[in-house]
Amino acid sequence: QDGDKVEWLYTCQLGADIGDTYTTELIKNVETLINNIGTVTEESKEAIEAARNAYEELNDFQKKQVKNYEKLEAAEQEYAKLSATEEDKTAANTVEEMIDAIGEVTLDSEEAINEAREAFDNLTDIQKLLVENLEVLEAAEMKLNTLKNPSVEYIYEVTGDYIEALGTPGVGSVGGEWMVIGLGRS
């Protein structure tokens, strides 16, 4: 309306750096809930769930600000070990063995990696927490992705090697100046 004044304030910390305490309080609340879990016992379920729910309500930037998140993950894993049935343990062990069987990652590993991922995804939440070598599967997926989609640097290197192997550029656009330009760009 006439006479209204609009002020723009730029922030690097979701408002905390310009006097807003709302975000800071949200993060502190989550950290407190995580700290209140304490020693994990069979009665820790509610405290762990409360901390997890509060954490999940944060946005991605806020989640990165939570300093004790690893403590929540460790509590969830410890609780899963305490409350897991033999069936849960067997299912998790089966997936761990599938992950270990991947071995050295090559392009031929894709089927084993996909089977291990599908088996992991089909586990219950508790069973997933029991899988202790998930990072091996994630690393294998990343390595396979790199093998299937080589980096730009690799592509340039291979292209440069190919052009260089063609020999001395001759006169003409195909084997001449375009070859020189291609070699220079690679």
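I count Lys and Arg as positive and Asp and Glu as negative, leaving out His and the chain ends. I place each charge at NZ of Lys, CZ of Arg, CG of Asp or CD of Glu. On that basis I find 15 positive and 41 negative side chains in the protein, with the centres of the two sets 5 Å apart.

**Ground rules.** This is a predicted model, so I note that local features need pLDDT of at least 70 and side-chain atom pairs count only at pLDDT 80 or more, while totals for chains, interfaces and linings use all residues. Residues are numbered from 1 along each chain as its sequence is written, and side-chain values use heavy atoms, with hydrogens and water left out.

**Overall form.** I looked up the elements next. The protein has 10 helices and 0 strands. Here helices (H or I, at least four residues) and strands (E, at least two) are DSSP runs, numbered from the N terminus. Along the principal axes, the C-alpha trace spans about 80 × 70 × 25 Å.

**Surface and contacts.** I find 27% of the 186 residues counted as buried. Buried means under 20% relative accessible area, exposed over 50%, and partly exposed in between (1.4 Å probe, protein chains only). Contact means heavy atoms within 4.5 Å. Of the contacts with a separation of 6 or more, 63% come from residues 24 or more positions apart.

**Arg52.** Where does Arg52 sit? I find Arg52 in helix α2, residues 45–56. Is Arg52 buried or exposed? Arg52 counts as buried because its relative accessible area is 17%. Not counting residues up to four places away in sequence, Arg52 touches Tyr69, Leu72, Glu73 and Glu76. I also noted a polar contact of 2.8 Å between the side chains of Arg52 and Glu56. A polar contact is a pair of N or O atoms within 3.5 Å; within protein, one must be able to donate a hydrogen and the other to accept it, and residues adjacent in sequence count only if both atoms are side-chain atoms.

**Glu76.** Glu76 is buried because its relative accessibility is 12%. Which residues does Glu76 contact, leaving aside neighbours within four places in sequence? I list Ile48, Arg52 and Leu129.
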